[in-house]
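Colleague: Shall we go through the salt bridges together? Let's bring up the structure and start there.

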Amino acid sequence: MADKHSAAESRGITPIQYDPQYILMVNSLKKHFPIKSGMISKTVGWVRAVDGVTFNLKRGTTMGLVGESGCGKTTVGRTILRLYPTKTAGQVLFNGEEVFDKTPKEMRDLRTKMQIIFQDPFSSLSPRLPVGEIIGEAVREHKLVPPDEFDDYIDDIMDKCGLQPFHKDRYPHEFSGGQRQRICIARALALNPEFVVCDEPVSALDVSIQAQIINLLADLQKQFKLTFLFISHDLSVVEHISDAVGVMYLGNLVEYGSTEDIFKNPLHPYTKALFSAIPVPDPTYKMNRIVLEGSIPSPANPPAGCKFHTRCANCMECCKTEAPVQKEIEPGHFVVCHLYDNEKEVVHEEKPAATEEAAKSDE
């Protein structure tokens with residue numbers, strides 16, 4: 001049963017209608033965690049890990065989700081998969097059905113269609129089970145193939161992920177990092193899912209191995225018509241693999257659109273700052289990096305108005321008191337920022353953007 005906090009947060013959210021072209025529709029999703037204190041563990045506050053995220057994901061495509069550490073990217077993925085038993089507010093429609101309305105039996109059937117690849121392949125694999133059992137455990141539990149076809153099925157999945165049949169009898173500690181991630185991919189793929197959350201699947205790997213895993217995911221997506229939510233810090237990887245990109249800051253999606261639109265024409269000041277930090281493989285190129293001042297506010301006590309205004313060089317008076325709403329600036333390109341609100345005539349503060357050169361001169 002939803003608590004009073006959840007009920008209050010749910011008010012004012014307009015339900016969305018299902019569109020068959022989208023496998024996943026997320027509307028004003030919120031996930032807040034209680035802060036407990038005292039002898040009786042009284043709730044004294046809430047950590048607003050995800051505080052109103054809205055996006056749609058087309059079938060057979062990849063959406064990249066980027067942002068600083070602690071902005072809520074992983075929490076979005078885990079909440080969508082219902083790895084947390086409840087949400088605070090919002091809608092999560094998978095194939096038109098609300099994920100959080102399903103009974104335990106219905107959710108068990110849905111588990112095969114929604115999978116996740118975790119960031120650390122070593123900690124997400126049981127050290128007590130051989131690889132063949134790790135990959136086939138859920139297949140056997142859900143009775144996806146007849147017992148006499150089980151071994152051939154696991155061999156086929158392993159082959160598609162670049163693993164050899166004799167690897168079945170080995171344990172995770174006997175493999176390299178890249179091979180362990182292939183095992184994790186095979187485990188997810190074995191259930192024949194439709195949607196996979198890739199939670200920074202290459203961040204713990206060497207650059208050369210990262211390229212192999214990214215190419216493997218791209219090949220598997222074409223072969224099995226998979227849909228990916230790709231969470232990552234590496235913007236170059238996201239640009240390579242994603243069809244659409246969402247930029248998160250402190251629990252909110254501040255910009256969302258196609259990869260081409262986002263990278264060619266970033267609109268939000270935070271997106272521009274992120275992209276200015278992408279390294280360019282040219283020693284003669286002079287970078288004009290935007291340096292954000294200050295630290296990220298606490299999600300337990302976010303600032304009023306726009307959450308980014310404490311670090312924004314384009315801050316206006318309305319940013320400090322009024323939260324911006326999502327606006328479609330061009331077809332399919334959304335931004336949450338007062339700079340693009342034509343109804344407001346507000347004078348900018350005299351606060352020029354900081355650059356790397358300016359930061360060096362101050363030193």
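Colleague: Happy to begin with D51 and R48: what N to O distance do their side chains show?

Modeller: First, a caution: this is a predicted model, where local features need pLDDT of at least 70, side-chain atom pairs count only at pLDDT 80 or more, and totals for chains, interfaces and linings use all residues. Residues are numbered from 1 along each chain as its sequence is written, and side-chain values use heavy atoms, leaving out hydrogens and water. A salt bridge here is a side-chain nitrogen of Lys or Arg within 4 Å of a carboxyl oxygen of Asp or Glu. D51 and R48 form one, with an N to O distance of 3.7 Å.

Colleague: Thanks! Is D51 buried or exposed?

Modeller: Buried means under 20% relative accessible area, exposed over 50%, and partly exposed in between (1.4 Å probe, protein chains only). D51 has a relative accessible area of 14%, so D51 is buried.

Colleague: Which residue joins R48 and D51 in a network of salt bridges?

Modeller: R48 is partly exposed, at 25% relative accessibility. The network links R48 and D51 with K307.

Colleague: And how many residues apart in sequence are the parts tied together by E68 and R311?

Modeller: E68 and R311 form a salt bridge, with their closest N and O atoms 3.2 Å apart. E68 lies in the loop between strand 3 (62–66) and helix 2 (73–80), and R311 in the loop between helix 10 (269–276) and strand 11 (326–330). Helices (H or I, at least four residues) and strands (E, at least two) are DSSP runs, numbered from the N terminus. The pair therefore ties together parts separated by 243 residues.
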